Amino acid sequence: MEPLLQTLAELSLPTWIRASAWAYPMINILHVIGIATLFGTIFTVDLRLLGIAKVFPLLSIMQFLLPLTLCGFILAVSTGGLMFAV
């Protein structure tokens with residue numbers, strides 16, 4: 001397992017991220033934004049399921065928030081992978 005992790009850390013992208021003064025903080029910020037988007041959209045649907053804001057139909061809320069949820073998930077996973085590689 002250790003040789004695999006060593007090889008991953010020696011790739012060009014993780015090396016560039018370590019060498020840059022701004023790359024890792026920016027990736028970290030994007031990671032937090034992705035997690036906030038992911039859990040924020042899930043929390044919004046959960047509140048609607050609990051009966052808050054009954055004016056808005058559940059199906060339309062879910063159709064609107066699903067692309068945002070997927071974007072948040074993809075952003076969190078991709079930036080998390082980059083931070084792990086570093």
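Modeller: Start with L68, which has 37% relative accessibility and therefore counts as partly exposed. Buried would need under 20%, and exposed over 50%. L68 sits in helix 4. Leaving out residues up to four places away in sequence, L68 touches T37 and T41. T41 is 27 residues from L68 along the chain, yet their C-alpha atoms are separated by 7.2 Å.

T41 leads us to helix 3. T41 is one of its buried residues, along with A23, I27, H31, G34, L38, V45 and R48. Look at the spacing in that list. An α-helix has 3.6 residues a turn, so residues three or four places apart point the same way. What covers the buried residues of helix 3? The cover includes helix 2 (12-19) and helix 4 (58-85).

Now take I33, also in helix 3 (residues 23-49). I33 has 43% relative accessibility, so it counts as partly exposed.

Next, the length of helix 3. At 1.5 Å a residue, its 27 residues should span 39 Å. The end C-alpha atoms are 39 Å apart, so the two values agree. Just after helix 3 comes G51, with a positive phi of about 105°.

Remember that this is a predicted model. The mean pLDDT of the protein is 93, and 100% of its residues reach 70 or more. Among the elements, helix 3 has the highest mean pLDDT, 96. Helix 1 (residues 2-9) has the lowest, 84.

How values were computed. Residues are numbered from 1 along each chain as its sequence is written. This is a predicted model: local features need pLDDT of at least 70, side-chain atom pairs count only at pLDDT 80 or more; totals for chains, interfaces and linings use all residues. Side-chain values use heavy atoms; hydrogens and water are left out. Helices (H or I, at least four residues) and strands (E, at least two) are DSSP runs, numbered from the N terminus. Buried means under 20% relative accessible area, exposed over 50%, partly exposed in between (1.4 Å probe, protein chains only). pLDDT is the predictor's confidence in each residue, from 0 to 100. The expected span of a helix is 1.5 Å times one less than its number of residues. Contact means heavy atoms within 4.5 Å.
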